[in-house]
Amino acid sequence: MASVLAGCGNDNDNETTRELRIYVSQPLKGERGGQDFLRAVEIAVEDMGGRIGPARIEVVGLNDADDDGNWLEGLVRRNARKAAGDDSAVAYIGEFDSGGTEVAMPILNRAGILQVSSGSTAVKLTIPPPEVGERLRPTGIRTFGRVVPNDNVQAAALALFMEEEDVDEIFVVDDGSTYGRGLRYRFEKIAKITGIRIEGGASLTRTGQIGDITERVLDSGADAMLYAGSNLELGRDLLESVHRSNGLIKLFGGDGISFASFLESIGDTALDTYVTAPMLPAGNYARSGESFLSKFQDRFGRPAEPMSVFAYEAGRVVFDSIRRGVRGDIATEPITSIRSGTREAFFDTSERASPLGSYSIDANGDTTLSFYGAYRVEDGQLVLGRTIDIPPSLLLEDE
């Protein structure tokens with residue numbers, strides 16, 4: 001699956017002498033919002049004018065997922081290699097999933113292409129141990145960054161949310177993914193600081209484990225369970241199984257389960273489900289963010305997937321980085337120079353006014369945004385309780 005948008009800015013009278021491409025790799029199949037994320041980037045490029053001088057900016061959308069929306073390593077590699085082999089490619093927005101990003105990073109790093117994610121939150125992507133860093137960044141140069149807060153922020157938000165909901169003991173289940181393992185690891189470290197007791201844990205990687213893990217959750221005596229995962233099929237089965245067995249156990253999840261289709265599918269289980277996610281409801285963003293949400297609604301006749309605002313900002317900051325990174329005549333500047341200039345401009349992002357609020361990109365490639373929304377679920381929709389701004393004392397630095 002691929003779609004291409006030719007930028008169509010307000011200065012169409014200018015002669016186009018070059019085309020530069022932003023690749024967008026997302027789960028365009030399934031119901032995980034990938035189509036909306038691609039459209040958000042397209043709208044961002046359109047809003048930014050669609051061209052930089054005589055260079056037209058194209059958005060190339062590629063699917064990285066199976067029919068259920070789960071990313072596939074082969075598709076991710078194909079997408080990253082397609083961008084790396086394109087002499088017009090300047091930047092790459094993707095993957096949405098941390099595991100997919102981990103696969104794409106070395107390929108794009110060797111090509112010197114800026115990679116920006118609007119959804120990958122695993123800490124090791126930006127703060128890797130030395131041996132992991134050598135694999136993810138084979139050139140030794142930073143090429144990956146993100147506009148979404150990482151799992152240091154999310155893990156702390158989960159712990160603070162649980163404190164507010166009077167959770168004392170928790171059973172933690174990951175789904176074996178890069179995202180799931182990382183979030184579980186982060187949360188368990190933060191839980192020790194905040195006083196939440198870990199009563200057990202498990203890795204859920206196949207449906208046949210549901211019954212056994214449900215029994216372990218019940219036998220642990222924990223008053224809550226955290227599903228630290230993004231596999232929606234496994235997550236749905238586990239949450240429903242635990243809820244059927246004991247309706248008093250509170251069920252927590254991170255942004256990996258924050259999709260509207262998933263929340264609608266879990267029925268009455270949603271009444272005891274609590275979710276942390278970095279996005280906010282409409283009406284809580286800067287003017288540019290609200291304008292995007294209105295434009296999406298008008299164009300497609302329905303609200304955008306909530307995480308689309310981060311994809312919109314990814315498109316905006318990438319476009320702006322291309323523009324700021326130009327060192328000479330964009331019509332003739334070598335692509336290697338444009339790529340390096342774009343990277344440097346992105347990592348120099350400081351106090352940027354954005355739809356998400358003001359942020360900078362730190363030395364690791366992380367956004368300085370440090371808030372998460374604490375949500376209940378009502379009628380299949382996320383209902384914001386409050387935003388949690390994480391104090392620096394709870395932000396871990398090591399992987």
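This is a predicted model: local features need pLDDT of at least 70, side-chain atom pairs count only at pLDDT 80 or more; totals for chains, interfaces and linings use all residues.
Colleague: Why is the pair of Phe37 and Phe96 called stacked?

Modeller: Two values decide that. The ring centres lie 4.9 Å apart, and the cut-off for a pair is 6.5 Å. The planes meet at 20°, and stacked requires under 30 degrees. Therefore Phe37 and Phe96 are a stacked pair.

Colleague: What makes this pair a link between distant parts of the chain?

Modeller: Phe37 belongs to helix H1, residues 34-47. Phe96 is in the loop between strand S5 (89-93) and helix H3 (98-111). The two are 59 residues apart. Both Phe37 and Phe96 are buried.

Colleague: How do you know that Phe252 and Tyr274 are stacked?

Modeller: By the same test. Centre to centre, Phe252 and Tyr274 are 4.8 Å apart, within the 6.5 Å limit.

Colleague: What does the pair of Phe252 and Tyr274 tie together?

Modeller: Phe252 lies in strand S11, residues 250-253, and Tyr274 in strand S12, residues 273-277, so the pair joins parts that are 22 residues apart in sequence.

Colleague: Why do Phe252 and Tyr274 count as buried?

Modeller: Buried means under 20% relative accessible area. Phe252 has 1%, so Phe252 is buried. Tyr274 has 4%, so Tyr274 is buried too.

Colleague: Which residues do ring pairs link into a cluster?

Modeller: Phe292, Phe296, Phe300 and Tyr312.

Colleague: Which charged end sits over the ring of Phe300?

Modeller: That of Arg39, 4.5 Å from the ring centre. The distance limit is 6 Å. Arg142 has its charged end over the ring of Phe347, 4.2 Å from the centre. That value is also within 6 Å.

Colleague: Now the largest pocket. How much space lies in it, and how many residues line it?

Modeller: The largest pocket holds about 620 Å³. Its lining has 33 residues. Nearest its centre are Ala260, Pro303, Ala304, Glu305 and Pro306.

Colleague: Which elements give two or more residues to the lining of the largest pocket?

Modeller: H1, helix H9 (260-265), helix H10 (287-300) and strand S14 (381-389). H9 gives the largest share, four residues.

Colleague: How do the residues of that lining divide?

Modeller: Into 17 nonpolar, nine polar and seven charged.

Key:
Residues are numbered from 1 along each chain as its sequence is written. Side-chain values use heavy atoms; hydrogens and water are left out. Rings of Phe, Tyr and Trp (its six-membered ring) pair if their centres lie within 6.5 Å; planes under 30 degrees apart count as stacked, over 60 as edge-to-face and the rest as tilted. Buried means under 20% relative accessible area, exposed over 50%, partly exposed in between (1.4 Å probe, protein chains only). A charge sits over a ring if NZ of Lys or CZ of Arg is within 6 Å of the ring centre and within 35 degrees of the ring normal. On a 1 Å grid over the protein atoms alone, a cavity is a set of points where a 1.4 Å probe fits but cannot get out, and a pocket is an open set with protein on both sides within 12 Å along at least five of seven lines; lining residues have an atom within 4 Å of a point. Grid points are joined across faces, edges and corners, and a volume is the space filled by probe spheres set on the points. Ala, Val, Leu, Ile, Met, Phe, Trp, Tyr, Cys and Pro count as nonpolar, Asp, Glu, Lys and Arg as charged, and the others, Gly among them, as polar.
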